[in-house]
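Please open the model in your viewer and keep the selection tool at hand. The tour below moves from one selection to the next and says what is there.

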Amino acid sequence: MEHPTVIAGAGIAGLCAGLSLADRCPLLLADWKTPEAASAAVIAGLANPVIPRRGNLVWRSEAALDALDEVARQLGVAPLQPGVLRIATSWDQMDAYRARAASHGHLFTWHPPAASKAQWPWLLAPHGTLELHRGGSFDLPTLLQAGLRNLESRGASVRRDWRLTGWTESADSVIAEFVGPDGPRTFPCSRLILSLGGGFQHFEDLTQLKLSCVKGQLISVIAPDRPPDLRPVSVGGYVVPLDNRVVIGSSYQHSFDDPLPENALTEELLEKVSRHLPWLRGAQVDAAHAGVRVTVPGTRLPMVGPLPGHTRTWVLTGMASRGLLMGPLIGSLLPGWLEDPGTISSEVAVRIR
Ligand SMILES: Cc1cc2nc3c(=O)[nH]c(=O)nc-3n(C[C@H](O)[C@H](O)[C@H](O)COP(=O)(O)OP(=O)(O)OC[C@H]3O[C@@H](n4cnc5c(N)ncnc54)[C@H](O)[C@@H]3O)c2cc1C
């Protein structure tokens, strides 16, 4: 009998890989919640393909939006709210965003300052607003739970408390080592896919990869003056309505001692977005969440492929601050790449330090 493919790490990357593979091979998804797990922190985040500085679009942005739509459809999970308002913060950005709306009219509408003010009086946007019609805000933990249930219903095994501790690859299999509630165990697999997010740091073999960690924090607040027509906003950070709360993300820390939330960052986040959404000033902080994003310095794109010197042990990481778009996109491409690793796009191939 064919050994299963094992995916270690059930954040958005591992989940989307599982959703694409579940009908093609026996599958086991094993996750163990680490303090740095990023997907678990994103109680509301944005699927937004715009790179703020010049309004450029992320790699394969429309395919990524399509892939996210497909995952959401498959799981029956709608965005919290569709679309995103991206505020221009300078004259240069105003020109760049206006040009982006002109070249991609099917994705964007440009709202000059007066039009933006008339439509969204609660938004200070003296350089105008770029309205994205696709993407939107998502509750990532809810998406993950729906995804794991979907995988189980399709016959995949899901272990929510198995910690990967090591692996050994041979010519015809990989032996994955886990610690679960019943103690240590080994598990033979035909392939092992490592989608561990920040958990990669605990494996010497993975620290040779060209990856770095960026801590991020978001907060939720109760804002008494919240406008009834509040929509997801991106402005140096992001603001997303979530039930009776407003979620504000997110910070970027390249050096940090631990992955836990910090009070000073909570205040910084609130202050930063209040410049454009002044009704947030004085909002009452409800909770703070933090996690670790994994980025690939130089490309800022995901990293996918067999580990150097391996054929059956793959890494799937580097979702950086765009897991909601890159997770579904890479998941949709993965089956073909596993079939023929020579077809992996060079932009996302495995890089070592
Ligand atoms: C504050 C913050 C805000 C963000 N906002 C957005 C946003 O608005 N939009 C967006 O697209 N992205 C956002 N991101 C980024 C997004 O969260 C990441 O891109 C995404 O979560 C990465 O997914 P991943 O599956 O690679 O890693 P993770 O989400 O970190 O998942 C890895 C999983 O592997 C598990 N694991 C680790 N080690 C082991 C082990 N040894 N054994 C078993 N399991 C293990 C972890 O517990 C975790 O469940 C944000 C991130 C942060 C921190």
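Helices (H or I, at least four residues) and strands (E, at least two) are DSSP runs, numbered from the N terminus. This is a predicted model, in which local features need pLDDT of at least 70 and side-chain atom pairs count only at pLDDT 80 or more, while totals for chains, interfaces and linings use all residues. Residues are numbered from 1 along each chain as its sequence is written, and side-chain values use heavy atoms, with hydrogens and water left out.

**A pair within one helix**

Select helix H2 (residues 61-75), where arginine 73 and glutamate 70 are separated by about one helical turn because they are three residues apart. These two form a salt bridge (a side-chain nitrogen of Lys or Arg within 4 Å of a carboxyl oxygen of Asp or Glu), and their closest N and O atoms are 2.6 Å apart. Side chains of opposite charge can pair when their charged atoms come close. The structure holds 13 salt bridges.

**The two domains**

Next, colour domain 1 (5-38 + 142-208 + 298-348) and domain 2 (45-138 + 212-295) separately; such bounds come from an automatic or database domain assignment. The C-alpha centres of domain 1 and domain 2 lie 28 Å apart, and 34 residues of domain 1 are in contact (heavy atoms within 4.5 Å) with 30 residues of domain 2.

How many salt bridges does the rule find across the interface of domain 1 and domain 2? The rule finds zero there, although five residue pairs, both residues at pLDDT 80 or more, are in polar contact between domain 1 and domain 2. A polar contact is a pair of N or O atoms within 3.5 Å; within protein, one must be able to donate a hydrogen and the other to accept it, and residues adjacent in sequence count only if both atoms are side-chain atoms.

Now select helix H1 (12-21), helix H5 (140-153) and helix H8 (323-339), each of which supplies at least two residues of the side of domain 1 that touches domain 2. H8 gives the most to that side, with eight residues.

**The ligand**

A backbone N or O atom of leucine 46 lies 2.7 Å from an oxygen atom of the ligand. A polar backbone atom of serine 321 is 3.1 Å from a nitrogen atom of the ligand, and one of leucine 324 is 2.8 Å from an oxygen atom of the ligand.

Most residues other than glycine have a negative phi, and most peptide bonds are trans. Go to aspartate 243, in the loop between strand S16 (238-242) and S17; aspartate 243 has a positive phi of about 40° although it is not a glycine. Finish at the cis peptide bond that joins glycine 249 and serine 250, with omega about -20°; serine 250 is found in the loop between strand S17 (245-249) and helix H7 (263-274).
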